[in-house]
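Reader: I have a chain open on my screen and would like to go through it with you slowly, a piece at a time. Could you bring it up on your side as well?

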Amino acid sequence: MAGMTDRVSDQTIIQLAKQQYESQKQQSMPSEIFPLVSNGMVYPKDHPLRSGKIEMRYMTAYDEDILTNSSYMREGVVLDKLLEALIVTPVDYSTIARIDKNGLIIAARIVSYGKDYNVIVKDPKTKKELKRIVDLSKLKGTQFNLEADDAGEFNYTLSDNTNLKFKFLLTGDNDDLKISEFLERTITQVNDSRKLEDIQDFIRYKFMARDSKIFRTYITDNTPNMIMDYEFEGEDGSTFISGFPIGTDFFWF
């Protein structure tokens, strides 16, 4: 029994040593600091991302295995696994707000294969397709106008003066949520109660469909995101603003 305990202990020590070595190696790799689309306002005051910035390291050839991992592809988690690997800031990935994810994907592309991304856009004057380059580092997020409290939550008052507090969904939340499930994960307080059973009771018996839709629209309208419009040069030298497609080659040359 003692021998088995010793082996387990040795394995634990070896594993910890490997983790420490890996951490030291990653800390010595070049990295960049990027602003968050949310400006960090959707996080509690003691959360590492409340500063509104996140540090990401440069991608290596070893990390490219993530992009071709068939298991990750089947599960649809390739980008999540890549972001989790590249983020240097000490943060639990599941606690990162979804509204910051698109910005992180752009940042991951920059630290992986550079800021220049080749696209094909249509000239609005000539209707011809043009090959152009987008400087991804110039993309900005929409303005975030909501005021958060120290918990990273926001106030909302219904037409009947019911007071709600809500938060934005996290990457750790499921993708396929029913309306009631979305509300359960978003609403954190109804009037003075933060009990889950009270919130569920409110959603099931008191939250009228019309008010629910207005509330969800309010969240959508105030959700910041990356602005995927860019100024391109046309055939005649003039410029035009257009969106651009992000294809399967986004993380390849």
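Reader: Let me begin with the strands: in which sense do S3 and S4 pair, and over how many bridges?
Author: Bearing in mind that this is a predicted model, strand S3, residues 116-122, pairs with strand S4, residues 129-135, in the antiparallel sense, and seven bridges join the two.

Reader: And which residue is the bridge partner of Val 121 in S4?
Author: Val 121 has Leu 130 as its bridge partner there. Six residues lie between the strands in this hairpin, and Lys 127 takes a positive phi near 65 degrees.

Reader: Moving to S8 and S9, how many bridges join them?
Author: Strand S8, residues 229-233, and strand S9, residues 239-243, run antiparallel and are joined by five bridges. Glu 231 stands opposite Ile 241 of S9, and in the hairpin, with five residues between the strands, Gly 237 has a positive phi near 95 degrees.

Reader: Which residues of S8 are on the covered face, and which on the uncovered one?
Author: Tyr 230 and Phe 232 make up the covered face of S8, whereas Asp 229, Glu 231 and Glu 233 belong to the uncovered face. In a regular strand, side chains alternate between the two faces of the sheet.

Reader: Now something else: is Arg 57 buried or exposed?
Author: Arg 57 counts as buried because its relative accessibility is 3%, and the cut-off for buried is under 20%. Arg 57 sits in strand S2, which covers residues 53-57.

Reader: What does the side chain of Arg 57 make a polar contact with?
Author: The side chain of Asp 63 is a partner, at 2.8 Å.

Reader: Stepping back to the chain, how many helices and strands does it have?
Author: The chain has eight helices and nine strands, and of its 253 residues, 37% are buried.

Technical notes:
Residues are numbered from 1 along each chain as its sequence is written. This is a predicted model: local features need pLDDT of at least 70, side-chain atom pairs count only at pLDDT 80 or more; totals for chains, interfaces and linings use all residues. Side-chain values use heavy atoms; hydrogens and water are left out. Helices (H or I, at least four residues) and strands (E, at least two) are DSSP runs, numbered from the N terminus. Buried means under 20% relative accessible area, exposed over 50%, partly exposed in between (1.4 Å probe, protein chains only). A polar contact is a pair of N or O atoms within 3.5 Å; within protein, one must be able to donate a hydrogen and the other to accept it, and residues adjacent in sequence count only if both atoms are side-chain atoms. Two strands pair if DSSP finds at least two bridges between them.
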